[in-house]
Amino acid sequence: MERTKLIDLRSGKARHQTAKEIGITPQMLGAIERGDRTPSLPLAKKIADYYGKSVDEIFL
């Protein structure tokens, strides 16, 4: 299932730039956005903190 919330939160910012700021590869971010990969809880928390949201708001 595609995670459109993540794509919307990125709001046109380059994937590679966002991934670098989070500390993951652009490929990993793309896989998470497409729903091909599910992030670990620590990574989900890191992504949520980056966007200033809760894990629930983004991933549930």
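This is a conversation about how the contacts and labels in a predicted model are assigned.

Visitor: Before we start, how do you know which atoms and residues count?
Guide: Residues are numbered from 1 along each chain as its sequence is written, and side-chain values use heavy atoms, with hydrogens and water left out. Since this is a predicted model, local features need pLDDT of at least 70 and side-chain atom pairs count only at pLDDT 80 or more, while totals for chains, interfaces and linings use all residues.

Visitor: Happy with that. What makes Glu 33 and Arg 10 a salt bridge?
Guide: A salt bridge is a side-chain nitrogen of Lys or Arg within 4 Å of a carboxyl oxygen of Asp or Glu. For Glu 33 and Arg 10 the closest N and O atoms are 2.8 Å apart, so the pair meets the rule. Glu 33 sits in helix H3 (residues 26-34) and Arg 10 in helix H1 (residues 4-10), so the bridge ties together parts that are 23 residues apart in sequence. Helices (H or I, at least four residues) and strands (E, at least two) are DSSP runs, numbered from the N terminus.

Visitor: How many salt bridges does that rule give?
Guide: The count comes to 5 salt bridges. One of them joins Glu 21 and Lys 13, with the closest N and O atoms 2.6 Å apart, and another joins Arg 34 and Asp 36 at 2.9 Å, N to O. There is also a network of salt bridges linking Arg 10, Arg 15 and Glu 33.

Visitor: Why is Asp 36 called exposed?
Guide: Buried means under 20% relative accessible area, exposed over 50%, and partly exposed in between (1.4 Å probe, protein chains only). Asp 36 has a relative accessible area of 56%, so it is exposed. Glu 33 and Arg 10, by contrast, are both buried.

Visitor: What makes Tyr 50 and Tyr 51 an edge-to-face pair?
Guide: Rings of Phe, Tyr and Trp (its six-membered ring) pair if their centres lie within 6.5 Å; planes under 30 degrees apart count as stacked, over 60 as edge-to-face and the rest as tilted. The count by this rule is 1 aromatic pair. Tyr 50 and Tyr 51 are 4.9 Å apart, centre to centre, with 80° between the planes, and that gives the edge-to-face label. Tyr 50 is partly exposed at 28%, whereas Tyr 51 is buried at 14%.

Visitor: How do you know how H2 is oriented relative to H3?
Guide: Two packed helices are described by the angle between their axes and the distance between the axes. Axes are lines fitted to C-alpha atoms, for helices over the stretch in contact, and angles run from 0 to 180 degrees between N-to-C directions. Helix H2 (residues 15-22) and H3 pack at about 105°, their axes 8 Å apart, so H2 is roughly perpendicular to H3. Angles under 35 degrees count as roughly parallel, over 145 as roughly antiparallel, 65 to 115 as roughly perpendicular and the rest as oblique.

Visitor: Which residues make that contact?
Guide: Contact means heavy atoms within 4.5 Å. H2 contributes Arg 15, His 16, Thr 18 and Ala 19, and H3 contributes Pro 26, Leu 29, Gly 30 and Glu 33.

Visitor: Why is Thr 18 called buried?
Guide: Its relative accessibility is 1%, so Thr 18 counts as buried. Leaving aside neighbours within four places in sequence, Thr 18 is in contact with Arg 10, Lys 13, Leu 29, Tyr 50 and Tyr 51.

Visitor: And what about Pro 26: how exposed is this residue?
Guide: Pro 26 has a relative accessible area of 30%, so this residue is partly exposed. The C-alpha atoms of Pro 26 and His 16 are separated by 4.8 Å, though the two are 10 residues apart along the chain.

Visitor: Finally, what makes Ser 11 worth a look?
Guide: Most residues other than glycine have a negative phi. Ser 11 is not a glycine, yet has a positive phi of about 40°. Ser 11 is in the loop between H1 and H2 and, with a relative accessible area of 59%, is exposed.
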